[in-house]
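I opened a new notebook page for this structure. My entries below follow the order in which I looked things up.

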Amino acid sequence: MIKKSFLDRVAISFIVTFFLMALPACSSDSKKVTDSNGDDPPPDEASVIFLHHSTGGVIWNGGVASAIDDYNTLNGRSYVVTEEAYPNSPYPWANYPYDYWHLWVEDGGQADEEGIPTLESYTSSYDVVVFKHCYPVSGMDDNTGSPDIGSSSKRMENYQLQYAALKTRLRQYPETQFILWTGAALAESASSTEEGQLARAFFTWVKEDWDEPGDNIFLWDFFELETEGGNFLLEQYCASSGDSHPSSTFARTVAPLFAQRIIDVIEGNGDSGSITGE
């Protein structure tokens with residue numbers, strides 16, 4: 001005859017097991033953003049950092065934060081997006097492919113030595129990291145035929161090497177999602193036919209070759225919004241004649257699209273959502 005104490009232990013063990021199985025799985029990564037094309041429920045919370053310079057500041061001031069807040073209110077979310085000028089002093093005011101390669105990739109990343117936050121500091125603090133280049137990125141010279149990953153010369157051949165290295169680096173942080181803007185365009189009066197063609201060619205390469213589905217890197221196609229299929233920032237979108245900064249009116253138009261792109265990435269629709277946010 002089985003002793004009562006043994007039966008009691010079996011009963012207690014069964015009850016404990018039942019309740020453990022009924023509890024939702026929890027871990028330190030439970031709020032991490034993952035791209036699932038919408039197959040999984042969206043997270044309730046997410047933290048986003050937007051790294052930018054002047055052009056990004058114009059778009060931010062167009063109402064990015066308020067668009068995110070409105071979405072949170074309507075959908076019961078807590079998505080927090082903050083902005084920061086990067087790279088900033090004591091580093092030069094430059095945020096081009098060379099600079100991100102130098103700061104985040106070269107010899108494991110030089111940001112700390114330059115006295116500014118490292119890539120690791122962002123990936124450990126935020127679920128989504130957004131970064132961009134300002135409009136001088138579109139002022140490219142012709143290729144030389146001898147690409148140099150360590151060159152700050154604005155040439156497509158150098159950009160492509162730097163972007164390839166950046167992609168490898170960013171994929172080392174699979175639990176962080178990255179959104180890269182296609183570069184800001186130059187106003188036609190501040191550029192040349194050749195520069196416009198080179199800019200279009202490079203950002204087409206970024207969209208069609210460099211960007212790949214299924215990883216943790218996504219695009220927001222700012223270049224297309226500014227140019228509407230052309231090679232230059234449309235005159236009606238310029239802050240003033242010949243100024244390659246976008247106007248505040250344009251910013252108010254595209255800020256909600258930027259916010260939507262961020263939301264798509266947070267909610268696992270980075271590969272399936274529109275890369276312009278439209």
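**Entry 1: terms and model.** I count two strands as paired if DSSP finds at least two bridges between them. Strands (E, at least two residues) and helices (H or I, at least four) are DSSP runs, numbered from the N terminus. I am working with a predicted model, where local features need pLDDT of at least 70, side-chain atom pairs count only at pLDDT 80 or more, and totals for chains, interfaces and linings use all residues. Residues are numbered from 1 along each chain as its sequence is written, and side-chain values use heavy atoms, with hydrogens and water left out.

**Entry 2: the sheet.** I began with strand β1, residues 45-52. Eight bridges join β1 to β2, and the two run parallel. I found A46 opposite Y79 of β2. Next I traced the whole sheet. It is open, has five strands and runs in the order β2-β1-β3-β4-β5, with parallel pairing. Which strands stand at the edges? They are β2 (78-85) and β5 (217-220); each has a single partner strand, so one side of each is left without a neighbour in the sheet. On average, neighbouring strands are turned by 20° against each other, direction ignored.

**Entry 3: helix α7.** I moved to α7, residues 193-210. Its 18 residues reach 24 Å from first C-alpha to last, close to the 26 Å expected at 1.5 Å a residue. The expected span is 1.5 Å times one less than the number of residues. I then listed buried residues, meaning under 20% relative accessible area; exposed is over 50%, and partly exposed lies in between (1.4 Å probe, protein chains only). In α7 the buried ones include L198, F202, F203, W205 and W210. The buried residues of α7 pack against α6 (156-170), β4 (177-181), β5 and α8 (222-227). Contact here means heavy atoms within 4.5 Å.

**Entry 4: helix pairs.** I fitted axes as lines to C-alpha atoms, for helices over the stretch in contact, with angles from 0 to 180 degrees between N-to-C directions. α6 and α7 pack at about 30°, with axes 11 Å apart. That makes α6 roughly parallel to α7. My angle classes are under 35 degrees for roughly parallel, over 145 for roughly antiparallel, 65 to 115 for roughly perpendicular, and oblique for the rest. Among the residues in contact are Y159 and Y163 of α6 and F202 and W205 of α7.

I compared another pair. Helix α3 (64-75) and helix α9 (248-266) have axes that come within 8 Å and cross at roughly 55°. They are therefore oblique to each other. V64, A67, I68 and Y71 in α3 meet A255, P256, F258, A259 and I263 in α9.

**Entry 5: loops.** I looked up V105, in the loop between α4 (97-104) and α5 (119-123). Is V105 buried or exposed? V105 is buried, at 18% relative accessible area. V105 and A165 are 60 residues apart in sequence but 7.0 Å apart in space, C-alpha to C-alpha. Leaving out residues up to four places away in sequence, V105 touches Y100, A165, L166 and R169.

D107 is in the loop between α4 and α5. Its phi is near 50°, a positive value in a residue other than glycine. D107 is exposed, at 69%. E228, between α8 and α9, also has phi near 50°. At 52% relative accessibility, E228 counts as exposed.

Last, I noted the cis peptide bonds. Y86 to P87 is cis, with omega near -15°. S89 to P90 is cis, with omega near 15°. P87 is in the loop between β2 and α4, and P90 is in the loop between β2 and α4 as well.
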